[in-house]
Amino acid sequence: MNMFHILLTIFVLVTYSAHAAVQDFCVADLKVPESPAGYSCKPPTNVTVDDFVSSSLNFAANTSNIINAAVTPAFAAQLPGVNGLGISIARLDLAPGGVIPMHTHPAGSELLLVTQGVIKAGFISSANKVYIKTLKKGDIMVFPQGLLHFQLNAGGVPAVAFASFSSASPGLQITDFALFANDFPSSLVEKTTFLDNATVRKLKAVLRGTG
Ligand SMILES: *[C@@H]1O[C@H](CO)[C@@H](O)[C@H](O)[C@H]1NC(C)=O
Ligand SMILES: *[C@@H]1O[C@H](CO)[C@@H](O)[C@H](O)[C@H]1NC(C)=O
Ligand SMILES: *[C@@H]1O[C@H](CO)[C@@H](O)[C@H](O)[C@H]1NC(C)=O
C-alpha cells in the first residue's frame, strides 16, 4: 500500500467508528423535566418498541369545548421516540363550526394534511401579509415556524387533519388563551392590545380557565 491508500484506510476506519459511536436515538426520559435541548435519553436497555409507536391518533378527540375542536399531539411528551429527531405529529379534529384559534408553534414549522372535510387555513407573515386557502381532502399546507396561523372548519361536516412538525416539541401558544385565559391584569391587556375594557372583560369571562 502506498501512503495514499494507508491514509484512505485510516480515514475510512476512523469515519466508520465515529459513525458507529453515534446514538441511533434518544428516547425521552419523561421522569426528568424537558430542557431547551429536549428530554434526556432513557438508558437504551430500557427502550422498547412501544417508545416509537402510538395509537393515540387513531381516534377522533372530544370536540365538545369552547372551540369545537381538538388537537391531539404526538410530541416527545406523548411519543418519547421522537425526542432528538426534530420531528413530531398531531391530529386535528374540527366539528362543524370548529376552529383552532390563532396560534403559533414557537419551535417548529408545520405541514398540514387534510384527510377529511374542508378546512380554511391561513398564516400571517412577519411583514403582516396574510396567506389564506381553503383546503380539501388530500391538500397540504405549510406554516413557517413561529408565525401566527389558524385552521377552521369550512364545511358542514367534521374535518380531520394531521400536522407534522420540524421539532419533537414544537410548542403551541394560542393567542387568545395567552391574553385572556390567565391572570394577566386586565388593565395591562387593554394597554398592550388597545382593546377596550368591555371586550377584555368579556373575553376573560369566556376564556378564563380554558388556557
Ligand atoms: C430502567 O429500568 C430499570 C429496571 O426496570 C429501572 O429500575 C430504572 O428506573 C429505569 N430507568 C429509567 C430512566 O427509566
Ligand atoms: C366530551 O367532553 C364533554 C365536556 O367535557 C363531556 O361532557 C362529554 O361527556 C365528553 N364526551 C365523550 C364522548 O367523552
Ligand atoms: C371602561 O372604559 C370606559 C371608556 O373608556 C370608561 O368610561 C369606564 O370607566 C371603564 N370601566 C372600567 C371598569 O375600567
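Predicted model: local features only at pLDDT ≥ 70, side-chain atom pairs only at ≥ 80, totals over all residues.

Author: The chain has four helices and 10 strands. From the N terminus on, their order is α-β-β-β-β-β-β-β-β-β-β-α-α-α.

Reader: What share of the residues counts as buried?

Author: Of the 211 residues of the chain, 24% count as buried.

Reader: Why is His-105 called buried?

Author: The label needs 20 or more other C-beta atoms within 10 Å. His-105 has 25 C-beta neighbours inside 10 Å, so His-105 counts as buried. His-105 is placed in the loop between β3 and β4. Leaving out residues up to four places away in sequence, His-105 touches Glu-110, Gln-145, Phe-165, Pro-170, Gly-171 and Leu-172.

Reader: Why is His-103 called partly exposed?

Author: A residue is buried at 20 or more such neighbours and exposed at 12 or fewer, and partly exposed in between. His-103 has 19 other C-beta atoms within 10 Å, and therefore His-103 is partly exposed. His-103 belongs to strand β3, residues 99-104. Residues up to four places away in sequence aside, the contacts of His-103 are His-149, Leu-172, Gln-173, Ile-174 and Thr-175.

Reader: Which residues does the UniProt annotation "binding site" cover, and what makes them a cluster in space?

Author: According to the unreviewed UniProt entry, the annotation covers His-103, His-105, Glu-110 and His-149. They are spread over 47 residues of sequence, yet the largest C-alpha distance is 12.0 Å.

Reader: Which residues have the most contacts inside the largest nonpolar core?

Author: That core has 29 residues, and those with the most contacts inside it are Ala-76, Leu-92, Leu-94, Leu-112, Ile-119 and Ala-161. Two or more residues each come from β1 (69-74), β2 (88-94), β4 (110-116), β5 (118-124), β7 (140-143) and β9 (159-165). The largest share, four residues, is that of β9.

Reader: What is Leu-94 in contact with, beyond its neighbours within four places in sequence?

Author: The contacts of Leu-94 are then Ala-69, Ile-119, Gln-151, Leu-152, Asn-153, Pro-158 and Ala-159.

Reader: How do you know which residues surround ligand 1?

Author: A residue is taken as near the ligand if its C-beta atom lies within 6 Å of it. The residues around ligand 1 are Asp-29, Lys-31, Lys-42, Pro-43 and Asn-46. This shell divides into three charged residues, one polar and one nonpolar.

Conventions
Residues numbered from 1 in each chain as written. Chains lettered and ligands numbered in written order. Nonpolar A, V, L, I, M, F, W, Y, C, P; charged D, E, K, R; others polar. Core = buried A, V, L, I, M, F, W, Y, C linked by C-beta atoms within 7 Å. Contact = placed C-beta atoms within 7 Å. UniProt positions renumbered as here; feature names shortened; annotations may be inferred.
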